[in-house]
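Here is a brief report on one protein chain. Please view the sequence and the model alongside the text.

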Amino acid sequence: MPRNANAFVFKHSRTLCEKHTAGGRGCGELPAPHCQETLPPRKTLLDKKGDLMKRSRPALIFQLLWTLIGLLYAPSAHAWGCKGHQTVAMLAEKHLTPPAKQMLLALLQDNPIDTHIRRFCGTAGLDDFADASTWADDFRSTPEGKPTAPWHFLDISLGATRSQVPAACGPDGCVTQAILDQLAILKDKTAPAPKRADALRFLIHFVGDLHQPLHTETNSDRGGNCVPVAYFRRKPSVKNNEYTPNLHHIWDTEILERQMQGADAAEYADTLDAKFGSSFAAWQQGGMQLEDWAWEGHQQAVSVGYGALSPKIAIEPNVPVNTCADNNNIGQRMLKKHIAVGVAYQAASGPLIDMRLAQAGIRLAMILNDAAK
Ligand SMILES: [Zn+2]
């Protein structure tokens with residue numbers, strides 16, 4: 001999940017289904033027919049050959065430019081994959097009060113998502129909350145949404161202490177600040193309704209992101225994006241200084257999807273509800289504690305995300321990293337470690353990911369129930 005300006009690097013012209021299997025968000029193990037079902041194939045220039053022949057030269061140039069822009073800003077991997085964000089949303093929805101649910105659903109339905117934005121996770125058959133949960137990742141891949149890219153994470157350096165958390169939020173913003181800002185907009189009944197609907201979509205997404213442990217850490221490795229790992233049988237490969245699989249991405253998608261064993265988001269929300277229901281009151285205690293929740297995740301990233309790796313990774317110097325070629329080519333240095341993730345790492349990280357999704361869902365419900373009052 002690119003976490004900075006590099007989210008917008010040229011992503012070449014892979015098809016959506018190829019992206020699903022080669023480093024995209026979620027749906028990674030779905031067969032091609034499902035990809036086609038949830039993501040109707042766009043007509044390519046070649047498909048449209050007949051149409052293009054009928055067009056004037058300026059129209060053709062415009063079409064080519066538009067296609068190029070589309071490729072430039074094609075969504076790439078971000079945050080929890082489709083299923084993770086959808087599960088958080090579905091769990092939260094189950095715990096909304098009836099008036100809150102009615103008000104929030106009406107806000108989403110009366111102010112629908114711009115149909116020009118490509119929806120990476122598809123929309124077919126999705127509950128409104130589940131659909132809303134992944135919009136922020138699609139939006140940030142548009143030119144208009146580019147400034148929102150830093151709102152999805154909080155780069156707390158490995159080795160930092162709790163007192164350093166507030167300073168980790170940079171001038172371009174971060175996930176904790178974004179939650180505060182969007183919550184204020186949602187609560188402001190004088191704000192334009194479309195803006196409040198987008199604020200709700202941001203909140204549903206960002207509370208999920210905040211609970212992904214690798215969204216609240218960096219080891220000068222773009223939150224683990226520059227740590228190539230072999231995941232079970234899949235070996236890492238590199239293209240344009242991006243590695244697949246990588247540590248960040250398996251936390252977003254692969255570990256969770258293996259854990260879900262084929263369940264859909266609604267089914268998995270029910271599973272988590274039953275598994276963690278007795279902890280919900282404790283997790284909501286003290287109200288909204290964004291920095292504490294970020295610190296929880298950071299510590300889990302230290303102890304399990306990096307701590308359970310073999311071989312171990314040392315703490316890197318805290319330097320700015322825009323691509324995996326930075327920090328003395330950290331991507332290549334990590335690749336040479338031949339880190340392999342298998343049964344033992346899955347056993348350590350899978351239950352933790354379950355817990356973080358459940359925490360995100362129940363805390364999101366608490367925030368939204370309060371905001372809807
Ligand atoms: Zn995100």
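Leu 154 counts as buried, because it has 30 C-beta neighbours inside 10 Å and the cut-off for burial is 20 or more. This is a predicted model. Leu 154 sits in the loop between H8 and H9. Setting aside residues up to four places away in sequence, Leu 154 touches Ala 168, Cys 169, Cys 174, Val 175, Thr 176, His 215, Thr 216 and Ala 294.

Is Pro 166 buried or exposed? Pro 166 counts as exposed, because it has 12 C-beta neighbours inside 10 Å and the limit for exposure is 12 or fewer. Its C-alpha atom is separated by 9.3 Å from that of Thr 176, ten residues apart along the chain.

**Whole chain**

The protein chain has 16 helices and four strands. It has 373 residues, and 45% of them count as buried. Take the contacts between residues at least 6 apart in sequence: 76% of these join residues at least 24 apart.

The average pLDDT is 84, and 79% of the residues score at least 70. Over residues 1–77 the pLDDT is below 50. That stretch has 95 contacts in the model beyond near neighbours in sequence.

**Nonpolar core**

The largest nonpolar core has 76 residues. Which residues have the most contacts inside it? They are Val 175, Ile 179, Leu 200, Leu 203, Phe 206, Val 207 and Leu 364. H16 gives the most to this core, with 13 residues.

Leu 203 shows some of the packing. Leaving aside neighbours within four places in sequence, Leu 203 is in contact with Ile 179, Gln 182, Leu 183, Leu 186 and Ile 367.

Helix H10 covers residues 193–210. At 1.5 Å a residue, its 18 residues should span 26 Å; the end C-alpha atoms are 25 Å apart, which agrees. Of those 18 residues, 15 are buried, so H10 is largely enclosed by the rest of the structure.

Helix H5 covers residues 82–94. Its 13 residues should span 18 Å at 1.5 Å a residue, and the end C-alpha atoms are 19 Å apart, which agrees. Twelve of the 13 are buried, so H5 is largely enclosed by the rest of the structure. The buried residues of H5 include Cys 82, Lys 83, His 85, Met 90 and Glu 93. What do the buried residues of H5 pack against? Their partners are helix H6 (98–110), helix H7 (128–132), H10, helix H11 (247–260), helix H12 (265–276) and helix H16 (343–371).

Trp 251 lies in helix H11. It is buried, with 28 other C-beta atoms within 10 Å. Not counting residues up to four places away in sequence, Trp 251 touches Gln 212, Pro 213, Leu 214 and Gly 305. Trp 251 and Pro 213 are 38 residues apart in sequence and 8.3 Å apart in space, C-alpha to C-alpha.

**Backbone geometry**

| Site | Angle |
|---|---|
| Thr 244 to Pro 245, cis | omega near -10 degrees |
| Ser 310 to Pro 311, cis | omega near 0 degrees |
| Ser 220, positive | phi near 50 degrees |
| Arg 222, positive | phi about 50 degrees |

Pro 245 is in the loop between strand E3 (242–244) and H11. Pro 311 lies in the loop between helix H14 (290–306) and helix H15 (326–335).

Ser 220 is in the loop between H10 and strand E1 (230–231). Arg 222 is placed in the loop between H10 and E1 as well. How many C-beta neighbours inside 10 Å does Ser 220 have? Ser 220 has 19, so it counts as partly exposed. Arg 222 is buried, with 28 other C-beta atoms within 10 Å.

Technical notes: Residues are numbered from 1 along each chain as its sequence is written. This is a predicted model: local features need pLDDT of at least 70, side-chain atom pairs count only at pLDDT 80 or more; totals for chains, interfaces and linings use all residues. Helices (H or I, at least four residues) and strands (E, at least two) are DSSP runs, numbered from the N terminus. The expected span of a helix is 1.5 Å times one less than its number of residues. Two residues are in contact if their C-beta atoms, placed from the backbone, lie within 7 Å. pLDDT is the predictor's confidence in each residue, from 0 to 100. A nonpolar core is a set of buried Ala, Val, Leu, Ile, Met, Phe, Trp, Tyr and Cys residues joined through C-beta atoms within 7 Å.
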